Amino acid sequence: MKRRLFSTALAATAMTALVSLPACAQPSERPYVPSTPSSRIGSLMQISVVDRGTGAELPIYRHRGEYWVAGRPGARYAIRARNAMGERIMAVMSVDGVNVVTGETAGVLQNGYVFGPRERSDITGWRKSDSQIAAFEFAAAGNSYASRTGRPDDVGVIGVAMFRERMPEPLPPPVTPFPRRDDHGGYGGYGPERERRSESSSYQGDARAKSGAADSAAAAESSSSGNLARQSAPSPSLGTAHGRRETSYIGKTTFERAQSSPDEVVRIRYDSRENLVAAGIIPVPPAPRWPRPAGPSPFPGSDPGYVPDPPSRY
């Protein structure tokens, strides 16, 4: 199936254990060291989310098998994609369950962006034309583009479905038939060997068709099992608004998928930092067990871990 597609060519808390030590010995303490989140995920393509105000890639937190980023209300962001392969890759991108190119309710067989070998590009908004986008902007879920167009069920997720390109199959080498003796003592004809070869080719074709159908069924099952029930949050959830218009040029190209199901799918969920902290997705350092003395401390990271004095009596 050949379609005209868009191209980017242009543009834990650490616990400290104490043991009895000889007099004058000093116990060692382990400072709290939070786990370091990654900022890119994906194999065929490396996907990250960029805060366009600071230019920094947002940390991606892994929690219970899912990936999360924390957004700031009002901040513009981009989906950064790096093709890690030496071949063209097509990326069908969705935000809040909406195709970022066409505005359709997202499906993996829709139009997407084509990335050349090792190419990197930032997708900064909803595609409005060959030369304009409406910027991606974190906003309250009710003000998201998906909600305003009557599709609020999938607000809070970014998706990238990646496809390899079908390469033209090389022509088979000419086959020289092995001669066989006929009834008249001469040589000629293909005999039953040709029929067996034909039957084998037909079987292989049927096997490929059945394999493709199985891949499509597995992809559909994975998609249906990925929908999670929303939980209450301490602050309003985030969505992606239809931001201000910006100039962004693209070209067009043709691309034939190697198969109908994606070779890889990346899913990144997002919400406000407050909500992610409350849900335990972003780790926070433990609170001190007692107040520090008033005034500056010359060694603030080395407070003794001993029993404090009781409060004074009346």
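This is a predicted model: local features need pLDDT of at least 70, side-chain atom pairs count only at pLDDT 80 or more; totals for chains, interfaces and linings use all residues.
Reader: What percentage of the residues count as buried?

Author: Of the 314 residues, 32% count as buried. Buried means under 20% relative accessible area, exposed means over 50%, and partly exposed is in between (1.4 Å probe, protein chains only).

Reader: How many helices and strands are there?

Author: The protein has 3 helices and 15 strands. These are DSSP runs numbered from the N terminus: helices are H or I with at least four residues, strands are E with at least two.

Reader: In what order do the 3 strands of the open sheet stand?

Author: The order is β2-β5-β9, with antiparallel pairing; two strands pair if DSSP finds at least two bridges between them. β2 (45-51) and β9 (120-123) are at the edges with a single partner strand each, so one side of each has no neighbour in the sheet.

Reader: How many bridges join β5 to β9?

Author: There are 4 bridges between β5 (residues 77-83) and β9. Ile79 has Ile123 in β9 as its bridge partner.

Reader: Which residues of β9 make up its covered face?

Author: Ser121 and Ile123 form the covered face, while Arg120 and Asp122 form the uncovered one.

Reader: Turning to rings, how many aromatic pairs are there?

Author: The count is 5 aromatic pairs. Rings of Phe, Tyr and Trp (its six-membered ring) pair if their centres lie within 6.5 Å; planes under 30 degrees apart count as stacked, over 60 as edge-to-face and the rest as tilted. Tyr77 and Phe136 form a stacked pair, 5.3 Å centre to centre with 20° between the planes. Tyr77 lies in β5 and Phe136 in β11 (residues 132-140), so this pair ties together parts 59 residues apart in sequence.

Reader: Are Tyr77 and Phe136 buried or exposed?

Author: Both Tyr77 and Phe136 are buried. Trp126 and Tyr145 form a tilted pair, 4.9 Å centre to centre and 45° between the planes.

Terms used: Residues are numbered from 1 along each chain as its sequence is written. Side-chain values use heavy atoms; hydrogens and water are left out.
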